[in-house]
Amino acid sequence: MEKLPPLVELRAFDAAARHLSFKEAAAELGVTPTAISHQIRLLERYCGCALFRRRPRPLSLTDAGARLFPAVRTGLEGFAAAIAAVRRGPQHQPLRVTSTNAFASRWLVPRLPTWRKLNPDAPLEVIGTDRVLDLRAGDADVAIRYATRRTPPSDGIAEKFLSDTFWPVGNPRLLPLGRLRRPADLKAHVLVHSHWGRSDRDPPTWQKWLARARRKWRQVPEFKDLQHLSFREELHAIEAVIAGQGIGIFSDRLVAQELAAQTLIKAFDLSLPGYQFYVVRRRDHPREKSIQAFSAWVRSLT
């Protein structure tokens, strides 16, 4: 990094450039006009060129001064904002909440107006990501984790607040008579899939649903004999099904609004158990009070 001139010289230049007056700059900074003139001359010596035209009056910037002024102004404003944020402390920073992309988009975000109404002075920063952020490293303040009942999150204090069920659902345009009568009817439709990671234990997939269907119905088609459309992102799979591109198997928590409005309907009266949602926080967090308020609010929505 290039060596910088003293901050006092930059502040004097900034004030003089804004006011185009050494006298007014001195009044702002609480020094004499002579002190301002001295600091400006030191900065001009450092830069190797004049920054102001002093004659004829009024005072004006040279071309070099005009190039330098925006950079100095932006830098000083950045310093001021950063220092103010540090002085306010962590209690005045947004509470960083991490969850999966799908849960953030389809469950948490629609409910945020309620949080803002109840907690107008407690802003949130929602981090939607399918990566598991490290709470101990400070990547987020609180997490909403999705885990099985047998293996709850172990990276902090975990409080369960929701569970879900997976249903085959489709657009009513694809299912004009309501639910399909038998699994063999799936041959006329596309099965929509979303990605599950290798660490997900016993995920509620179409393969698992077909295996369960065979215990209830006869003539259940083989997975390989059906049409398929796969998405890496669960949100994209849901949007495809809403658009009528096939039948998907999704969490009733993520498509609750569509099921209530009947823009999606259940294709069969056969579901799969889902997972659990947990609010997770690390022990002895400096913002424990805010995190507990958020956790209580989330759990009140179930």
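Here is a short briefing, from the overall fold down to one helix. Please keep in mind that this is a predicted model. The chain has 302 residues, and its secondary structure comes to nine helices and eleven strands.

**Overall dimensions**
- The C-alpha trace of the chain spans about 95 × 40 × 35 Å along its principal axes.
- The radius of gyration of the chain is 30 Å, whereas a compact globule of 302 residues would have one near 19 Å.

**Inside and surface**
- Buried residues make up 39% of the 302 in the chain.
- The chain has an accessible surface of about 17,500 Å², and carbon and sulfur atoms contribute 52% of that area.
- Among contacts in the chain with a separation of 6 or more, 73% are between residues 24 or more positions apart.

**Charges**
- The chain carries 48 positive and 30 negative charges.

**A look at helix α6**
- Helix α6 runs over residues 206–213, and its buried residues are W206, W209, L210 and A213.

Definitions and conventions:
Residues are numbered from 1 along each chain as its sequence is written. This is a predicted model: local features need pLDDT of at least 70, side-chain atom pairs count only at pLDDT 80 or more; totals for chains, interfaces and linings use all residues. Side-chain values use heavy atoms; hydrogens and water are left out. Helices (H or I, at least four residues) and strands (E, at least two) are DSSP runs, numbered from the N terminus. The radius of gyration is taken over C-alpha atoms; the globule rule is 2.2 Å times the number of residues to the power 0.38. Buried means under 20% relative accessible area, exposed over 50%, partly exposed in between (1.4 Å probe, protein chains only). Contact means heavy atoms within 4.5 Å. Accessible areas come from the Shrake-Rupley method with a 1.4 Å probe; for residues, only the protein chains shown count as cover. Lys and Arg count as positive and Asp and Glu as negative; His and the chain ends are not counted. The place of a charge is taken as NZ of Lys, CZ of Arg, CG of Asp or CD of Glu.
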